[in-house]
Amino acid sequence: MSEHTVSTVDEIQDGERKLVEVEGREIAIFRLDGEFYAYTNWCAHQGGPACEGSVTGTRNAEFDREELETDLEWCKEDEILNCPWHGWEYDIPSGDCLSRDGTKLPGHPVKVEEQEIIVSL
Amino acid sequence: MAQTSSHALADTTVIDTDVHITVEEETIAEYLDEPYRSSILDSPHPVFPSSSWDQRMGGKIDDHFSTFTGPADIRQFQSDFNIDYPIINTFEPLGKFSQPDLAMSLMRAYNDLLMDRFLDDYDFLGLAAVATQKPAEAAEEIDRMGDEDQIVGIYLGTSGEYPPLGDPSNDPIYKAAEDNGLPVVFHGNGDEFMFDFPHHNKGFNNYFEVQTLGHPWQQMATMSSLIGEGVPAKFPDLDFVFLEAGIGWVPYMMHRMNKIYRMRRSEVPLLEKSPEEYVRDQFYIGSQPLGEPNGAEDMKRMIETLGADLLMFATDYPHWDFDHLEELDKYLQHYFSEEERQKILYETPVEAFNLDL
Ligand code: FES
């Protein structure tokens with residue numbers, strides 16, 4: 001594993017992302033609630049540029065069996081990355097795909113040292 | 001999975017998950033109150049509609065149907081076709097009736113007839129007819145029939161159903177079925193194609209085209225609606241049985257729904273796993289009418305894809321496109337282990353219908 005300085009902290013505002021190239025690979029750095037996350041820009045579905053997709057919330061639901069009512073809830077605002085090719089949803093903090101168990105964005109360790117963001121590949 | 005062996009049919013206990021009784025209009029009228037009794041017996045305008053398709057091609061295909069009306073006929077069928085346990089239904093799809101109260105009355109009448117003529121004095125197993133036009137009343141009927149030991153499921157025609165069967169308006173029906181421990185059995189129907197697909201019914205020029213598409217389109221619409229509305233997630237202890245569309249459509253639907261789900265999950269957020277998992281965990285499929293590939297290996301692969309935990313044998317007797325046991329068993333005997341064969345012919349339906357045999 002090798003470490004790469006990819007950005008300064010100031011370059012990425014909270015809720016924003018930055019795409020960089022490291023060792024010929026496209027890597028996206030996301031900043032969310034003060035934390036940084038790094039993923040390869042590659043969707044587990046068909047290899048689309050997942051990290052370039054829109055960032056939104058998503059919908060969850062609960063069913064009340066007594067009342068027979070479904071409660072729809074909009075949640076995780078700004079935490080869900082949608083692949084621009086076919087809309088697969090990824091949870092930014094964990095990298096988990098929401099619609100396919102055990103599937104993740106390829107993630108990389110990130111640390112901040114002296115205002116610099118360092119990704120290990 | 002493959003293992004070639006030979007088994008004597010006489011040694012195998014066989015459950016047939018789809019046996020229809022034929023009920024004459026005058027007979028069901030006896031079980032109806034007024035005004036519906038008279039509207040069947042006395043009205044010059046038939047209450048039971050016909051699509052006008054000639055299913056039997058002027059008599060080229062024999063009629064086994066009209067005379068299959070009593071318990072003795074079922075006994076004879078059992079002996080002729082090596083069926084140990086026929087699961088009987090009253091056939092008539094009730095979704096096509098526009099008058100909600102007529103549909104509710106027919107539902108209760110068919111169930112009364114089933115008990116009175118077939119179950120009270122014989123040890124047959126039966127499915128309770130359900131009409132969806134008034135879901136709360138249907139739920140009451142499920143509670144009533146749920147007390148009967150020989151009733152092992154509820155029976156719903158998938159033709160003429162509007163809105164589609166997964167619609168939340170039908171949830172009282174699914175809740176009642178789950179509460180009573182009864183699986184929901186969905187049955188497709190060719191003659192009722194005109195209610196679901198009127199443009200195609202009018203446009204096609206022969207019944208070949210209608211028969212090819214009628215049952216699978218209805219069953220696909222139903223499965224899509226159930227999964228899309230999250231019905232198996234809402235009622236995790238409820239099982240669903242699909243009859244009369246063969247088996248090839250099921251892998252197609254599982255895979256297609258998986259694909260669409262992964263692109264549109266947030267639209268169907270009640271689902272907590274892939275559509276294929278719901279189908280494999282809570283759905284069962286009757287074999288009839290088994291497709292006829294030109295190469296037997298193709299059917300072997302299809303049965304393998306479905307698996308012995310999903311697949312159950314069905315004849316659809318006495319309807320004109322019924323399957324003899326041999327139609328499925330020739331593949332089971334040639335390609336599958338005796339354990340898998342036993343599952344498909346006996347253990348899987350025992351599990352699906354919670355049978356205590
Ligand atoms: S490639 Fe990402 S959703 Fe298809």
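Predicted model: local features only at pLDDT ≥ 70, side-chain atom pairs only at ≥ 80, totals over all residues.
Where in chain B is the place of Pro163(B)? Pro163(B) sits in the loop between strand E4 (151–157) and helix H6 (171–179) of chain B, and a cis peptide bond with omega of about 0° joins Tyr162(B) to Pro163(B).

**Backbone details**

- The peptide bond running from Gln288(B) to Pro289(B) is also cis, and its omega is near -10°.
- Pro289(B) belongs to the loop between strand E7 (283–286) and helix H13 (296–306) of chain B.
- In chain A, Leu68(A) has a phi near 55°, which is a positive value in a residue other than glycine.
- Leu68(A) is placed in the loop between E5 and E6 of chain A.

**The make-up of chain A**

- Chain A has 10 strands and 0 helices, and its pattern along the sequence reads β-β-β-β-β-β-β-β-β-β.
- Taken along the principal axes, the C-alpha atoms of chain A fill a box of roughly 55 × 30 × 20 Å.

**Where chain A meets chain B**

- Chain A brings 20 residues to the contact and chain B brings 16 residues.
- The size of an interface is often expressed as the accessible area lost when the parts come together.
- Here the area buried between chain A and chain B is about 1600 Å², with carbon and sulfur atoms giving 50% of that area.
- The interface holds 4 salt bridges and 9 residue pairs in polar contact, with both residues of a pair at pLDDT 80 or more.
- On the chain A side that touches chain B, the elements giving two or more residues are strand E5 (55–64) and strand E6 (69–82).
- Of these, E5(A) gives the most, with 6 residues.
- By class, this side of chain A has 6 nonpolar, 8 polar and 6 charged residues.
- A salt bridge links the side chains of Arg265(B) and Glu89(A), at 2.7 Å from N to O.

**Salt bridges in the whole structure**

- Over all chains, the search finds 29 salt bridges.
- Lys76(A) and Asp91(A) form a salt bridge, and their closest N and O atoms are 3.2 Å apart.
- Lys76(A) lies in strand E6 of chain A and Asp91(A) in strand E7 (residues 89–91) of chain A, so this pair ties together parts that are 15 residues apart in sequence.

**The cavity**

- Empty space left between atoms shows up when a probe the size of a water molecule is rolled over them.
- The count comes to 1 cavity of 30 Å³ or more, and the largest cavity has a volume of about 40 Å³.
- Gly15(A), Glu16(A), Phe30(A), Arg31(A), Leu32(A), Val55(A), Asp78(A) and Ile92(A) line the largest cavity.
- Strand E3 (residues 25–32) of chain A supplies the largest share of the lining of the largest cavity, with 3 residues.
- The lining of the largest cavity divides into 4 nonpolar, 1 polar and 3 charged residues.

**The largest pocket**

- Helix H9 (residues 207–228) of chain B gives the largest share of the lining of the largest pocket, which is 3 residues.
- Sorted by class, the lining of the largest pocket has 11 nonpolar, 13 polar and 11 charged residues.

Methods:
Residues numbered from 1 in each chain as written. Chains lettered and ligands numbered in written order. Heavy atoms only, no water. Contact = heavy atoms within 4.5 Å. Buried area = accessible area lost by both parts, 1.4 Å probe. Polar contact = N/O pair within 3.5 Å; in protein donor to acceptor, adjacent residues only side chain to side chain. Helix = DSSP H or I, 4+ residues; strand = E, 2+ residues; numbered from the N terminus. Nonpolar A, V, L, I, M, F, W, Y, C, P; charged D, E, K, R; others polar. 1 Å grid on protein atoms, 1.4 Å probe; cavity = no way out; pocket = protein on both sides within 12 Å on 5 of 7 lines; lining within 4 Å. Points joined across faces, edges and corners; volume = space filled by probe spheres on them.
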